[in-house]
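Here is a short tour to read with the sequence and the 3D view side by side.

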Amino acid sequence: MGTIIHALTADGNIRLAVISAPDIAEQARQIHGLSPTATAALGRTLLGTSLLGNDLKGKDDTVTVRFSGGGPIGNVVAVSDSNGNVRGYVDVPAADLPTRSDGKLDVGSLIGKAGTLTVSRDLGLREPYIGSVALVSGEVAEDFTAYLAESEQTASACGLGVLVGTDRSVLAAGGFLVQLLPGAPENLITALEDNIFMMDQLTTILHEDGAEEVMNQVLKGLEPHILSTEEVHYHCPCTRQRLSASLRSIGAEALKELAAEGTPAEVVCQFCGKAYRFPPEELTALAEETDTELL
Ligand code: ZN
């Protein structure tokens with residue numbers, strides 16, 4: 001479980017969301033067998049996506065985030081529902097790199113920056129709303145900030161961090177998304193930038209003092225008050241039905257061949273690792289349904 005705090009400054013000009021969810025990053029690590037740097041890469045992406053998802057208006061809306069930077073980890077994908085419950089995966093979970101000279105995990109090089117961040121919001125319309133920006137650094141938070149600058153009308157800043165212990169488990173994970181509301185005076189941007197520049201390292205604050213202290217430091221001198229606190233989880237809504245749909249996509253012929261082998265086919269959900277078994281007679285039935293649809 002993790003939490004998202006929503007806050008507003010006393011003058012009503014700045015809103016902030018802070019997420020603290022080490023369990024979400026740790027669960028992702030355990031499901032996928034992520035290396036330390038991959039844990040940070042997917043962890044940051046999951047938590048940033050959770051913040052975007054938590055902001056969606058419609059109950060059934062979802063947001064999908066994809067980093068394709070050309071680095072050794074391949075694609076990093078996360079999906080959030082409108083509560084901020086997230087799931088995700090990476091192409092190469094074991095990919096890892098030496099730590100940077102400042103001791104930090106080298107997420108930027110693992111993701112790479114020769115590519116794009118794509119954000120797809122499915123708002124229940126015929127087509128999802130898709131936005132894409134060139135990657136700034138592959139460090140995730142900077143890329144989210146660039147995306148928000150392009151897609152939103154107001155100034156925004158995002159910070160994300162994952163602290164991985166020597167035993168590879170997640171000690172702290174979280175982040176923030178701060179936005180100036182329409183009509184806010186320009187000088188508030190400078191005040192915010194100063195606060196963010198001066199704040200302690202994000203994962204240190206989260207590890208030692210928690211999400212509320214992140215709020216206090218980002219909105220220092222701006223009299224923040226908390227509007228709400230919400231729970232978020234690593235959650236995969238996969239069902240046998242959904243997985244059978246993806247199995248059908250291989251086509252009737254391939255399904256018949258699988259059925260002829262006489263053993264159950266196993267389909268593993270790429271988001272949560274749950275395995276679904278389809279016995280031969282069910283594969284034959286799926287092949288027949290697929291055949292019928294083609295007629
Ligand atoms: Zn699943």
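## About the model

This is a predicted model, in which local features need pLDDT of at least 70 and side-chain atom pairs count only at pLDDT 80 or more, while totals for chains, interfaces and linings use all residues. Numbering starts from 1 along each chain as its sequence is written, and side-chain values use heavy atoms, with hydrogens and water left out.

## The sheet

Strands β1 (residues 2-9) and β2 (residues 14-20) run antiparallel and are joined by six bridges. Strands here are DSSP runs of E with at least two residues, helices are runs of H or I with at least four, and both are numbered from the N terminus. Two strands pair if DSSP finds at least two bridges between them.

The open sheet has five strands in the order β8-β9-β2-β1-β10, and the pairing is antiparallel. Because β8 (156-164) and β10 (224-232) stand at the edges with a single partner strand each, one side of each has no neighbour in the sheet. From one strand to the next, the twist averages 15 degrees.

## Helices on the sheet

Helix α2 (residues 36-54) packs on the sheet and touches β1, β2, β8, β9 (170-180) and β10; contact means heavy atoms within 4.5 Å. The direction of α2 makes about 140 degrees with that of β8. Helix α4 (residues 141-151) also packs on the sheet, touching β8 and β9, and its direction makes about 160 degrees with that of β8. Axes are lines fitted to C-alpha atoms, for helices over the stretch in contact, and angles run from 0 to 180 degrees between N-to-C directions.

Then there is helix α1 (residues 22-32), whose buried residues are Ile24, Ala25, Glu26, Ala28, Arg29 and His32. They pack against α2, β5 (86-90), β9 and β10. After α1 comes Gly33, with a positive phi near 65 degrees.

## Buried and exposed

Have a look at Ala211 in helix α7 (residues 211-218). Ala211 has a relative accessible area of 9%, so it is buried (under 20%; exposed is over 50%, partly exposed lies in between, with a 1.4 Å probe and protein chains only). Leaving aside residues up to four places away in sequence, Ala211 touches Ile5, Val18, Ser20 and Leu206. The C-alpha atoms of Ala211 and Ile5 are separated by 7.4 Å, though the residues are 206 apart along the chain.

Leu125, in contrast, lies in the loop between β6 (116-122) and β7 (129-134) and counts as exposed because its relative accessibility is 61%.
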